[in-house]
Amino acid sequence: MEEKKYEVVLKIFILQIGAILMILPFVWLVSTALKSPSEVFTQDLSLIPAKFMWTNFVDIMDQAPFWLYMANTIIVCVGILVIQLLLVIPAAYAFARLDFPGKDVFFLLFVIQIMLPLESIIIPNYLITKKLGLLNTRTGLILPFVASGFGTFMLRQTFKQIPASLEDAALMDGAGHIRFIWHVIIPLSRPTIVTFSMISIATHWNDYFWPLIITDVDRVRTLTIGLGMFVQQESGSDWSLLMAATLFVCAPIIVFFLATQRTFIKSFLTSGIKG
Amino acid sequence: MHEKLEQYRAYLFLIPGLFFLLLFTYLPILWSTWLSFNRWNLLSPKPKFAGIENFVKLWHHDVFWLVMKNSFIFVTVSIFPTMFLALVFAILIDERIKGRVYYIYSLFYPTLIPMAAAAMLWVYIYSPNLGILNTILAKFGIPKLGWLGSSDTSLWALIIMTFWKNLGFFMLIYLAGLQNVSRELYEAAYIDGAGWWKRHAMITFPLVGPTSLFVLVTAIILTFRVFDQIHLMTEGGPGNSSNVIVYYIYENGFKFFDWGRATSLTTILVLILLTLTLIIFGIFGKRITYSAD
Amino acid sequence: MRRKALITIALMVFFSLASTASAKVSLKFFYPVGVAGPLVKVINGMVAKFEKENPGIDVEPVYAGNYNQTMQKVQTAVLGGNPPDIAVVEISELFSLLAMDSLIPLDKYIEQEGGEKFLANFYKGFLGNAYGRDGKIYGFPFQRSTPILYWNKDMFAAAGEKLKAAGLDPSRPPDNWDELVEYAKILTIREGNQTNQYGLIIPGGWNDWIFEAFSRQNGAQLIKEDGLTVTFNSPENLEALRLWVKLMQELKVCPVLRPWNITPDDFIGGVTAMMYYSTGGMAKIRKTAKFNWGAAFQPKRKNYGTPVGGGDFHIFKGIPKENQDAAWKFAKFMTTPEMAGHWSIESGYVAVNKNSYDRADMKAFLKKFPQMTVARDQLDYAYPKMMAVNYQLIRNAMTTNLDAALEGKKTPEKALADAHKLMEEAIKGQ
């Protein structure tokens, strides 16, 4: 199949425009993060700062304990992922390969959860978390997210594709379900599990609404909340510092994905998310 | 006998997940629905049964209808352009080999960063005098707009920003879906003389149907849940022009402490989401179970 | 399996480390930073000094966001049975806090300090928002302000010829509403359909506060002192709102609804010649403005007038008596002449303690920055800020309707009437 020359040029042109428009905000972010506060107040478009204020990144630490926030965010994300996997893998396995009465009904319960994200039921979740005494705790930040309908759905799909012959072989070897899951299912579903893990971490790294509602002390504050408070001061923000803080909050996740990009893109494209 | 044991074993696998599902999804919904029939606010500090009073008051409340309108606009206006452009870009990227990672990343990175961070960035971009948007527009002779500070443009400013944030995510999903479309089909169509648009309209579009469904459902949920950007960029204003349902629920619960109203709004939202679920599963149910098998 | 166990153990260790008990009195102190800048650092510094002088007391300052967020956090904490020990919230929230029966009266402590003589150290204008309906005192001023008029002296000088031709003096800012309009008209520079320089910015966001100022300047008010009688819709307030609409819609010398926290940026960036803003913005302007600027009383109508603003200390019920005593000690410490002066210099708020202004460091500072005295002097014309139960709801009613009028979506008459109705409903508990 041959592409006409003008077709190629047009396609690349559109792609480039798209890429540039999407990247421009980020370039502006980095540029402002490195400017000095007074430089921000001109009405000219200057992309290169007059002086590279690397100290901005140090200054933001003065204003809020961003390292503490990062530690909290990491703890919460890891906590969520670990418990999610502990819950979702067995459930998906049961739905994929076992038979039991009410199977469809239970599966429906999991799937419907996808349509009922935490934000839509934030009020009652808040009341329940309060009743359980989990306000202002990292546990409270973790638990409401661990039952992932999305994860169950994704993994069930993948688990279903593992050939029955492997299961028969394992049974003949006398392996129970758990051994089978650990030694066969999980290794064979690695791409999907990896994809799910990355989606989970990316999602919960960015949680804002829930931590906003249930925390108000620095001790358990997460990065996104710390950033949000930075800007909502009554009188004007220091834009260069704010952009530096924003960059600080974005950097880990971008670095993480850049570092694992080959794994990520490969596993995403082969994880069978075709709908 | 062995069968029965197997079945109970299956329940064991389910119970942990089911426990949290009930605790943090279904139980809260039931409790909230009960509360929505109670009066409970700052001046009435203990819930008191009040029948459908909350719903009647909402029906007569201007702001409620404005919020519903805004939410509806937000959802419908965001979804279709995003899906369309996501598919187009996915196709374009799929057809290129060189520079693929660069294109993927430049479109996808906004999805990675926290919505809170994106909100900060865009508050700055939309800033009437310091932000690049107005500065660039001025160079084209367009007068400076109020963006977040004007009730005419606040909702649109949020929609644009949300589009920027989500485009890459849907593009990536479509890209994954495209991997399953056989090249030979394109070859055949090319040989038949079909141009680029025709090829994709007739082949790609129908074949990514299941993916489109997934994207549609995800997109609907994503847009119904918007909160972070509202909270950080406009607080629903000015004059509730950018107030959408989840933010409105938050306002009533945590700003005005009217829990009766907040829970009744929650009930309405849950009903909407469940209805959407029914519709989607009803129309496309077979496709879902088919593709899920 | 082992990896997961390790992670679980690590998590448990983290959780337990986070909840170490201490033997001293431990105070949780919620506060908003109502103004920009590294004031969290200043607060932490003041807290550290207090802890050094009071080794038996630990204070955990919790920066809770802006005024809205802090009040929400406090309310949530109180309603959840877990109140802070001491908090600073925006002064208009007092009646809401009292309606929740969440505060202790401070009369006993004040008696111990010397009663009336002690109170005489503090500006009367700031004490107005501290009393409940029962006449007891429930708040103690900490970060207090008034709106003031900032003006860009260089821009005034640049427009000197035009101003003089109109009979106006370029070396001083407008002194009354009519002059405000005239100055703003001349100081607005347009090029085609771009406005390169606005004469004036009246910001949105806390425009209810600024509106209260205009109301006072016209001899009226928004709600009576009892917090129950709404007087929002009155001829004087209508005149004020009509003035705003004229400035923004008709004359276009003022942008419509410029967000509150961007307005100082606009002033510093040379976008406007004048702005109404809290004195609390002064620190930022002082540090970053590269031009000559001044501060002045807000122009009068019938008289100079302004509400006060800012936040007071409140000590909560439901905490041990020793915590309450410690909290009072802390409040007293933060409002000594030295500490109040320090806080004022760093933040731009007015020092709540009169004696702060007799100190050498303050005098030297004011010599360099006389603009800082404006808000304090305006106190002679200051009234307590409006207070009411359910203040958040009331404020929402006011700002949404003011916004609608300023954008030209509602007539001023309708906006005032609608807001008035909503405010009355909110007070009645509808």
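This passage describes chain C of a predicted model, together with the nonpolar core to which some of its residues belong.

Chain C holds 20 helices and 12 strands. Along the principal axes, the C-alpha atoms of chain C occupy a box of roughly 75 × 65 × 50 Å. Of the 430 residues in this chain, 55% are buried. Contacts reach well along the sequence too: among those in chain C between residues at least 6 apart, 75% join residues at least 24 apart.

Turning to the strands, S8, S5 and S9 of chain C form an open sheet in the order S8-S5-S9, with antiparallel pairing. Strands S8 (274-278) and S9 (293-296) stand at the edges with a single partner strand each, so one side of each has no neighbour in the sheet. From one strand to the next, the twist averages 30°. Strand S5 (residues 147-152) of chain C pairs with S9(C) over four bridges, in the antiparallel sense, and C:Tyr150 stands opposite C:Ala295 in S9(C).

As for C:Leu200, its contacts beyond four places away in sequence are C:Ala184, C:Leu247, C:Val253, C:Cys254, C:Thr272, C:Ala273, C:Met274 and C:Met275.

How values were computed. Residues numbered from 1 in each chain as written. Chains lettered and ligands numbered in written order. Predicted model: local features only at pLDDT ≥ 70, side-chain atom pairs only at ≥ 80, totals over all residues. Core = buried A, V, L, I, M, F, W, Y, C linked by C-beta atoms within 7 Å. Buried ≥ 20, exposed ≤ 12 C-beta atoms within 10 Å, placed from the backbone. Contact = placed C-beta atoms within 7 Å. Pairing = 2+ DSSP bridges. Helix = DSSP H or I, 4+ residues; strand = E, 2+ residues; numbered from the N terminus. Axes fitted to C-alpha atoms, helices over the stretch in contact; angles between N-to-C directions.
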